[in-house]
Protein chains: 2
Amino acid sequence: MLTTRNGDNLRARPMSAYSAQLENAVYFLTDLASHKDDEVARWPNVCLAFADTKAQKYLSVSGTAEVQNDREKIRELWATPAKAWWDNPDDPSIRILKVTPSSAEYWDSPGTIISYIKMAAAAVTNSKPDMGDNAEVTL
Amino acid sequence: MLTTRNGDNLRARPMSAYSAQLENAVYFLTDLASHKDDEVARWPNVCLAFADTKAQKYLSVSGTAEVQNDREKIRELWATPAKAWWDNPDDPSIRILKVTPSSAEYWDSPGTIISYIKMAAAAVTNSKPDMGDNAEVTL
């Protein structure tokens, strides 16, 4: 789930993530009407929480978000789940929410951190961060 | 998962929740060494995200947190999962993290909000908020 800040208030919402490892970013498709663009413009720091409660695997990704209106990228990210919200990728209300991770924490049970990863350096150099076992976390 | 704020940074972490509906609060046991007390003292607004990805049910609870050292309450909340972290409820490093919800959102699929509940009035009057279908969300 994606947690954003609106003033002092924190809110989470379920989102379908499209991970782009080579670009060191996580992408979401969002609707202009959701007002996430206003929120992340003022408070760009967000948190992505992935939980597989059955396997007791948890991942928290902290980073910064921006809303983009890149039509080519939207068509590239377009996939079956998006059809539930929009008829086609050319719907003008679709936006991209791009989250650039700055750090991540991974647990295989509540309370026990397996790894903590700082991604600032990777983000700057555009190299792929070493996510270790995180890649095994399913959403 | 519990998302807290530390300055501009947002972080999530898995926690075992103890819901106390009559008290209109969600309780967690936490360790003094986790430094959550410092964080929530400065930035009390937190977010609880509950996800049952299989059933596609999601719950976001926004509220304020405080750390308490109520030994009687700690003994009352003590349950089997806590034994993984502490030997017994008298461990002096155990603290209570109490989250008082101010609003909640509930989805039965990503993107479709079923209900939005403002709990401010309930919290003030100490009455039990009408959580509707939220009570059916399993962690």
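## Polar contacts and salt bridges between the chains

The model is predicted. Between chain B and chain A, ten residue pairs are in polar contact, counting pairs with both residues at pLDDT 80 or more.

Four salt bridges cross the interface of chain B and chain A. One of them joins the side chains of Arg11(A) and Glu105(B), with an N to O distance of 2.8 Å.

## Extent of the interface

On the chain B side, 33 residues are in contact with 33 residues of chain A. The two chains, B and A, bury about 2,600 Å² between them, and carbon and sulfur atoms account for 59% of that area. Within chain B, the residues that lose the most area to chain A are Met1(B), Leu10(B) and Pro14(B); together these make up 23% of what that side buries.

## Relation of the two copies

Two copies of a chain are related by a rotation about an axis and a shift along it. Here, chain B is superposed on chain A by a rotation of 180° with 0.0 Å of shift along the axis, at an RMSD of 0.0 Å. This is the relation of a two-fold axis. Both copies use the same surface: 100% of the contact residues of chain B recur in chain A.

## Aromatic pairs

Over all chains, the structure holds two aromatic pairs. In chain A, the ring centres of Trp78(A) and Trp86(A) are 6.5 Å apart; their planes stand at 50°, so the pair counts as tilted. An angle under 30 degrees would count as stacked and one over 60 as edge-to-face. Trp78(A) and Trp86(A) are buried.

In chain B, the pair is formed by Trp78(B) and Trp86(B), also tilted, at 6.5 Å centre to centre and 50° between the planes. Trp78(B) is buried, as is Trp86(B).

## Lysine over tyrosine

Each chain also has a lysine placed over a tyrosine ring. In chain A, the charged end of Lys73(A) sits over the ring of Tyr27(A), 4.3 Å from the ring centre. In chain B, Lys73(B) lies over the face of Tyr27(B), at 4.3 Å from the centre of that ring.

Methods
Residues are numbered from 1 along each chain as its sequence is written. Chains are lettered from A and ligands numbered from 1 in the order in which they are written. This is a predicted model: local features need pLDDT of at least 70, side-chain atom pairs count only at pLDDT 80 or more; totals for chains, interfaces and linings use all residues. Side-chain values use heavy atoms; hydrogens and water are left out. Copies are superposed by least squares on the C-alpha atoms of residues with pLDDT of at least 70 in both. Contact means heavy atoms within 4.5 Å. Rings of Phe, Tyr and Trp (its six-membered ring) pair if their centres lie within 6.5 Å; planes under 30 degrees apart count as stacked, over 60 as edge-to-face and the rest as tilted. Buried means under 20% relative accessible area, exposed over 50%, partly exposed in between (1.4 Å probe, protein chains only). A charge sits over a ring if NZ of Lys or CZ of Arg is within 6 Å of the ring centre and within 35 degrees of the ring normal. Buried area is the accessible area (1.4 Å probe) that two parts lose on being put together, summed over both. A polar contact is a pair of N or O atoms within 3.5 Å; within protein, one must be able to donate a hydrogen and the other to accept it, and residues adjacent in sequence count only if both atoms are side-chain atoms.
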